[in-house]
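Subject: Structure handover

Hi,

Here is the structure we talked about. My notes follow it.

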Amino acid sequence: MKVTVVGAGAVGASCAEYIAMKDFASEVVLLDIKEGFAEGKAMDLMQTASLNGFDTTITGTTNDYSKTANSDIVVITSGIPRKPGMTREELIGINAGIVKTVSQNLLEHSPNTIVIVVSNPMDTMTYLVHKTTGLPKNRIIGMGGALDSARFKYRLAEALGAPISDVDGMVIGGHSDKGMVPLINHAARNSVKVSEFLSPERMQQVVEDTKVGGATLTKLLGTSAWYAPGAAVSGLVQAIAMDLKKIYPCSALLEGEYGLNDLCIGVPVVLGRNGLEKIVEIELSEAEQAKMVESAEGVKKTNGLLNT
Ligand SMILES: NC(=O)C1=CN([C@@H]2O[C@H](COP(=O)(O)OP(=O)(O)OC[C@H]3O[C@@H](n4cnc5c(N)ncnc54)[C@H](O)[C@@H]3O)[C@@H](O)[C@H]2O)C=CC1
Ligand SMILES: O=C([O-])CC(=O)C(=O)O
């Protein structure tokens, strides 16, 4: 199993590290445009192998796509992150060009690969990869909902005073400060709905804290987060590599599902060896569906800024 991660920055390196730590891939290639950077990150990570006990080989390359040839899975994290006060959507001007070129280069050398898009604004970048590569929809997956759901569970556990392993919850919709739809009425503590434990006001607070999860960290760190994003990507890569058939919310091209068309947005999907194997349509309340429609309008507005 060969995995390429483009962008050896904060998220790319974290993602490579978690993939290696889980020890399911034979090879991870890190590629970056900055001279020597990916090689350095790969060497540093390889020097953790005997300490952390993994056998995955990590190599780095400066923009040499021949080294990525025949990757089973590629992850695109190249591009700029936001700074405090910015939205993810403001990154489109620079990141669209990078994501378009990178995805074309990757596919030249790995025509059968599965692509996971991380660069922001992620739903629009995922749509851009669909538009510009023409790959079948099962082979293009946007990572956002897995991360947002992890943050949702963190906030739920905090509110409940419960261990995170007791908590289940999912975030669908666009990966944006306003567009996320945390499904609070489906969230549970060991099968018991969280509404049994939390007041409506506290539940609303959990929802609001979840939606601004990325912005909160960006304000604290001066740039956006990387540990949880890297871990979330590694979960998706592992589910595909090991054919786990796990459900994660991912950005998928919709063709009528959830009453939506011609956009990529977060919905629950089954991940296995063929990539995005199924879009799972869960029953939403009227209020949840209305939020999903509003979120889709936001994503489509950003998609409208693409010159494809
Ligand atoms: N979808 C999600 O849930 C998340 C998305 N992100 C996004 O991921 C992206 C990366 O974030 P960070 O790793 O924090 O940024 P970073 O600045 O630490 O790393 C980005 C790397 O991309 C490289 N790069 C730029 N252009 C390139 C090109 N044409 N080819 C190859 N490499 C290139 C840079 O040299 C840099 O090393 C940002 O757009 C950020 O907004 C970050 C966290 C979560
Ligand atoms: O907040 C950002 O810009 C990066 C990101 O997508 C996240 O951490 O959720």
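Pro-200 lies in helix α7, residues 200–211. Helices here are DSSP runs of H or I with at least four residues, strands are E runs of at least two, and both are numbered from the N terminus. Pro-200 is exposed, because 9 other C-beta atoms lie within 10 Å. The cut-offs use C-beta atoms placed from the backbone: a residue is buried with 20 or more others within 10 Å of its own, exposed with 12 or fewer, and partly exposed in between. Pro-200 and Ala-225 are 25 residues apart in sequence, and their C-alpha atoms are 29 Å apart in space.

Conventions next. This is a predicted model, where local features need pLDDT of at least 70 and side-chain atom pairs count only at pLDDT 80 or more, while totals for chains, interfaces and linings use all residues. Residues are numbered from 1 along each chain as its sequence is written, and chains are lettered from A and ligands numbered from 1 in the order in which they are written.

**Domains**

The chain divides into domain 1 (2–143) and domain 2 (145–303). These bounds come from an automatic or database domain assignment. Taken over C-alpha atoms, the domain centres are 22 Å apart. At the boundary, 39 residues of domain 1 are in contact with 39 residues of domain 2. Contact means that the C-beta atoms, placed from the backbone, lie within 7 Å.

On the side of domain 1 that touches domain 2, at least two residues each come from α1 (10–22), β4 (73–76), β5 (114–117), α5 (122–133) and β6 (140–142). Helix α1 gives the most to that side, with eight residues. By class, that side of domain 1 holds 22 nonpolar, seven polar and ten charged residues. Nonpolar covers Ala, Val, Leu, Ile, Met, Phe, Trp, Tyr, Cys and Pro; charged covers Asp, Glu, Lys and Arg; the others, Gly among them, are polar.

**Ligands**

Ligand 1 is surrounded by 35 residues, and the closest are Gly-7, Gly-9, Val-11, Ser-78 and Asn-120. A residue counts as near a molecule if its C-beta atom, placed from the backbone, lies within 6 Å of it. Elements giving two or more residues to the shell around ligand 1 are α1, β2 (27–32) and α4 (92–109). The shell has 19 nonpolar, 13 polar and three charged residues. Ligand 1 lies between the domains, because domain 1 and domain 2 both give residues to its shell.

Ligand 2 has Pro-81, Arg-82, Arg-88, Asn-120, Leu-147, His-175, Gly-214, Thr-218, Ser-224, Ala-225 and Pro-229 around it. Its shell splits into four nonpolar, five polar and two charged residues. Ligand 2 also lies between the domains, because both domains give residues to its shell.

**Helix α6**

Helix α6 covers residues 145–160. Its 16 residues, at 1.5 Å a residue, should span 22 Å, and the end C-alpha atoms are 22 Å apart, so the two agree. The expected span is 1.5 Å times one less than the number of residues. Buried residues of α6 include Leu-147, Asp-148, Arg-151, Phe-152 and Leu-156. Just after α6, Gly-161 takes a positive phi of about 65 degrees.

**Strands**

An open sheet of three strands runs in the order β7-β10-β11, with antiparallel pairing. Strands pair if DSSP finds at least two bridges between them. The edge strands are β7 (167–168) and β11 (192–193), each pairing on one side only. Two bridges join β10 (residues 188–189) to β11. Ala-188 stands opposite Lys-193 in β11.

Strand β12 (residues 246–255) runs antiparallel to β13 and is joined to it by ten bridges. Their hairpin has five residues between the strands, and Gly-256 takes a positive phi near 105 degrees there. Strand β13 also pairs with β14 (residues 275–279), antiparallel, over four bridges. Two residues make up the hairpin link from β13 to β14. Val-269 has Ile-279 in β14 as its bridge partner.

Leu-271 is found in β13, residues 261–272. Lys-246 stands opposite Leu-271. Leu-271 is buried, because 29 other C-beta atoms lie within 10 Å. Leaving aside neighbours within four places in sequence, the contacts of Leu-271 include Leu-236, Ile-240, Leu-244, Tyr-248 and Leu-276. Leu-271 and Lys-178 are 93 residues apart in sequence and 26 Å apart in space, C-alpha to C-alpha.

Best wishes

Terms used:
Contact = placed C-beta atoms within 7 Å.
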